[in-house]
Amino acid sequence: MAKFPKTLYFILAIALTIVVFVICVSLGSTGFAIEGNIVSSIRLPRVIAVVLIGASLSVCGAAMQGLLRNPLADGTTLGVSSGSSLGAVIGIVSFSSLFSQYDPLNGIFSVLLAMAGGLLSLIFILSLAQKVDARLSTNTIILVGVVFSMFASALISLIVALFPESAKTVMFWTMGSTAAASFEDCILLGAVFVVCASVLLFKANELNTFALGEENASHLGVNVKRDKLIIMIAVSVLIGTCVAVSGTIGFVGLIVPHISRMIVGANHKKLMPFTIFFGATFLMIADLLSRTIIAPKELPIGVITSLIGAIVFVSIFIRNRKGSK
């Protein structure tokens, strides 16, 4: 694959993203439709949201793998995804109890609670990690993030047990769904993506330096603690916003950077822009499958990404193991 210019892969990735976007907008559970209210009010905002979420999860995954020097890391490693999920579940249960005639997924209150949950979880995780280790070492952050994720998952299970009437809605949402995406959600996602992705792309050089180790990065003039915090905050805000809109969608931030690294290399200046387009395309395909594979019923998009991601990840793992022998 390295025989071809890296620029060619970028051109192909952009072209493929555009083609898949047109197909996803045109095709749905009712077949092809290129005009009418279905396209403008349902499919278009949904596909735009999927593009932004796929790009966000992928670029966050690439950033976290570079920052933590761990190929198993992704945007959910910090535990922010679990915190956002907890906040959204609280909102869903509250709205279904108080305003049962409305769909809680469309409530701005649930979205705000999800974003607040993500930010509060980040503050808690970083504060606890700093008390344990003032240097905020990578291993400490990962450990605290994993523990917090388990705690948040336990609270979500407790809420489902206490409010069984909301269990179906909560479970479907936690598996990931973009069915309720609106243009307002797209505006929110777009604004946050532009800001946070720009920060991550701007820190590409620092991420390359982190590959040498934190101590070496410090010797090369990188302010390790400051840059680490900036990257984690940008990732957390972006992940929290995605979770607020679509629920938890797994494996995108894990698999897409892996495959992208095999195509364009490990240089984050090239890797991160490529993952944006590749991630958007990957999630659009997954979303198209989720709403057409058993039409007129719909599968949660998180189920599709997990099925595809697990197979791809095992294949990559086996390939790498064979290559190391």
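**Aromatic pairs and a nonpolar surface patch**

Both Phe10 and Phe274 are buried in this structure, which is a predicted model. A search of the whole structure finds 3 aromatic pairs, and Phe10 and Phe274 form one that is edge-to-face, with 5.6 Å from centre to centre and 90° between the planes. Distant parts of the chain are linked by this pair, since Phe10 belongs to helix H1 (residues 6–26) and Phe274 to helix H12 (residues 268–292), the two being 264 residues apart. Ring pairs also bring in Phe278, so that Phe10, Phe274 and Phe278 are linked into a cluster.

The rings of Phe124 and Phe148 have centres that are 5.7 Å apart and planes that stand at 45°, and the pair is therefore tilted. Because Phe124 lies in helix H4 (residues 108–132) and Phe148 in helix H5 (residues 138–162), this pair ties together parts that are 24 residues apart in sequence.

On the surface, a nonpolar patch is formed by Ile285, Leu289, Ile293 and Ile294, which together have about 320 Å² of accessible area.

Key: Residues are numbered from 1 along each chain as its sequence is written. This is a predicted model: local features need pLDDT of at least 70, side-chain atom pairs count only at pLDDT 80 or more; totals for chains, interfaces and linings use all residues. Side-chain values use heavy atoms; hydrogens and water are left out. Rings of Phe, Tyr and Trp (its six-membered ring) pair if their centres lie within 6.5 Å; planes under 30 degrees apart count as stacked, over 60 as edge-to-face and the rest as tilted. Helices (H or I, at least four residues) and strands (E, at least two) are DSSP runs, numbered from the N terminus. Buried means under 20% relative accessible area, exposed over 50%, partly exposed in between (1.4 Å probe, protein chains only). Patches are made of residues with over 30% relative accessible area and no salt bridge: like charges are joined within 9 Å, nonpolar side chains (Val, Leu, Ile, Met, Phe, Trp, Tyr) within 5 Å. Accessible areas come from the Shrake-Rupley method with a 1.4 Å probe; for residues, only the protein chains shown count as cover. A salt bridge is a side-chain nitrogen of Lys or Arg within 4 Å of a carboxyl oxygen of Asp or Glu.
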